[in-house]
Amino acid sequence: MKRFNNFIGGAWVPPDSGDYFENRNPADKTDIVGEFPLSQVTDVERAVQSATRGFAQWSRTPAPARGDILRVVGDLMSKRKDEIANGMTREMGKPLAETRGDVQEGIDTAYYAASEGRRLFGHTVPSELRNKWAMSYRRPIGIAGLICPFNFPMAIPTWKMFPALVCGNACIFKPAEDVPHTGTMLVEILLEAGLPPEVIQLVHGRGEEAGAAIVEHPQIPLISFTGSTDVGSYVGSTCGRMHKRLSLEMGGKNAQIVMDDADLDLALEGALWGAFGTTGQRCTATSRLILQKGIHDRFLGMLVDKTRSLKLGDGRKDGTDVGPLINEAAVEKVERYIDIGQAEGADLLCGGRRGEGRALADGNFFEPTIFARVEAGFRLEQEEIFGPVLSVVRVSSTDEAFAVNNDVKYGLSSSIYTANVNVAFRALNELDNGITYVNAPTIGAEAHLPFGGVKQTGNGHREGGWQVYDFFSETKVGYADFSGTLQRAQIDNYRGTPD
Ligand code: UN1
């Protein structure tokens, strides 16, 4: 079996404990991808010592030169897109078309970051005093701790790492324990592109150990975390206590609204892709479908028919629509929600059980599932499941559809299908989410726009686009007074208030 290591202190090294964990293919648990280090506090400690040296060097490298390394990273990722996608599907399960898209999102993020090395704008503004300049500019912060989820094994680490690097920070990267191989491939590419080795540290292991050691380390001032809202609360309280800068990206309970005047065929394609793409394991997955009463029965019929025809299977095989869930715990969680939904009185229309048959026997497969007659307020309608379970809620009016969308504790994405431009713009204004799609599904965020949500989905920061560069850099202000006199702001130029 292939054994992989951490990358700490500029070298591939075993964990101090000498312990490793097995990484298995979720579509076929007899297939072991390799074994990966179980790291502890001492491994993180060495990573911090090395990253401190990396930061000293990297923060003084001109930003355009930093960006140029990311350009080469993008080139290497483009060349190896298929190879990475194959490896990613093997350890994560989603179909190859999706893992290729995941790598492409990393490539887009690399080229965006590369060009940002030539911008990283500050402002120059007039001073209120003569012969004085006032300007703001960016400085690197230090070591960024990046704690990443399993569902986008390449895209999400790059959302964090590439902006962090172009802004001049060093990174300690902990991939999710379900997808350590993709994380390893990413670090290999960074090194091959010429990133100074001590600027990146790769620490594998469990959240409770390696992840917690990163969050709690006093010399890591910057944490970017994507994961569950529960773990995010622990990360948030620790960072709050330690005065760390923190970006949180957590749960979602995203809805697609279909109004009576919608193009139903289009809405159907959107619902299937939104709900069952990535086996529902996206923060942006469609887990609620809000149907206006005029089209409710017809649309539900169309949806159930199509859902039954989706092919569950190994994401590396042609024809597979839906891959496995990530691990056994995820399957058990989905099963719990099937019981909860039935106990609440919702109608199970299709799915609701593990995948059956020889081809699915060794994987974590679960059938795409639809519940109808779900009422606003049911646990099924309120809680994040992170699996292929879609809950359908019937509403009478636009106002009711918007209220149902908004009445959850999360606020990542939403979608509305309608032909009415006024209703579409009302949705953009009134839906409480970080992202609203019109006539498109709840998933499909592009790398050059800010990504994130409101309420318990996040803490106000955004990934992607131009905004993430504010998170990964410190704004500093400089005043240069070349008047040769003492000029007093707020005092010398103050004209008084007219009587
Ligand atoms: C996520 O849902 O966890 O929105 C990230 C999308 C992707 C990113 C999703 N580009 O479809």
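Modeller: Let us begin with a term: a cavity is a set of grid points where a 1.4 Å probe fits but cannot get out. Please bear in mind that this is a predicted model.

Colleague: What does rolling a probe over the atoms show?

Modeller: Rolling a probe the size of a water molecule over the atoms shows where empty space is left. In this structure there are four cavities of 30 Å³ or more.

Colleague: What volume does the second largest cavity have, and which residues line it?

Modeller: The volume of the second largest cavity is about 50 Å³. Its lining consists of Thr109, Tyr112, Trp159, Pro163, Ala447, Gly464, Gly465, Val468 and Tyr469.

Colleague: What is the volume of the largest cavity, and how does its lining divide by class?

Modeller: The largest cavity has a volume of about 70 Å³. Its lining comprises four nonpolar, five polar and three charged residues; among them are Lys253, Arg282, Glu384 and Phe386.

Colleague: Where does the ligand sit?

Modeller: A pocket, unlike a cavity, is an open set of points. The ligand sits in the second largest pocket.

Colleague: Which residues surround the ligand?

Modeller: The surrounding residues are Glu105, Asn151, Phe152, Trp159, Arg282, Cys283, Thr284, Ile443, Gly444, Ala445 and Phe451. By class, this shell has six nonpolar, three polar and two charged residues. Domain 1 (6-250 + 458-477) and domain 2 (254-438) each supply at least three residues of the shell.

Colleague: Which polar atoms lie by the oxygen atoms of the ligand?

Modeller: A ligand oxygen is 2.6 Å from an N or O atom in the side chain of Arg282. For the side chain of Thr284, the distance from an N or O atom to a ligand oxygen is 2.8 Å. Gly444 places a polar backbone atom 2.7 Å from an oxygen of the ligand. Of the 320 Å² of accessible area that the ligand has on its own, the protein covers 97%.

Terms used
Residues numbered from 1 in each chain as written. Predicted model: local features only at pLDDT ≥ 70, side-chain atom pairs only at ≥ 80, totals over all residues. Heavy atoms only, no water. Near = heavy atom within 4 Å. Polar contact = N/O pair within 3.5 Å; in protein donor to acceptor, adjacent residues only side chain to side chain. Areas by Shrake-Rupley, 256 points an atom, 1.4 Å probe, with all protein chains shown as cover. 1 Å grid on protein atoms, 1.4 Å probe; cavity = no way out; pocket = protein on both sides within 12 Å on 5 of 7 lines; lining within 4 Å. Sits in = over half its atoms within 2 Å of the grid points. Nonpolar A, V, L, I, M, F, W, Y, C, P; charged D, E, K, R; others polar. Domains from an automatic or database assignment. Points joined across faces, edges and corners; volume = space filled by probe spheres on them.
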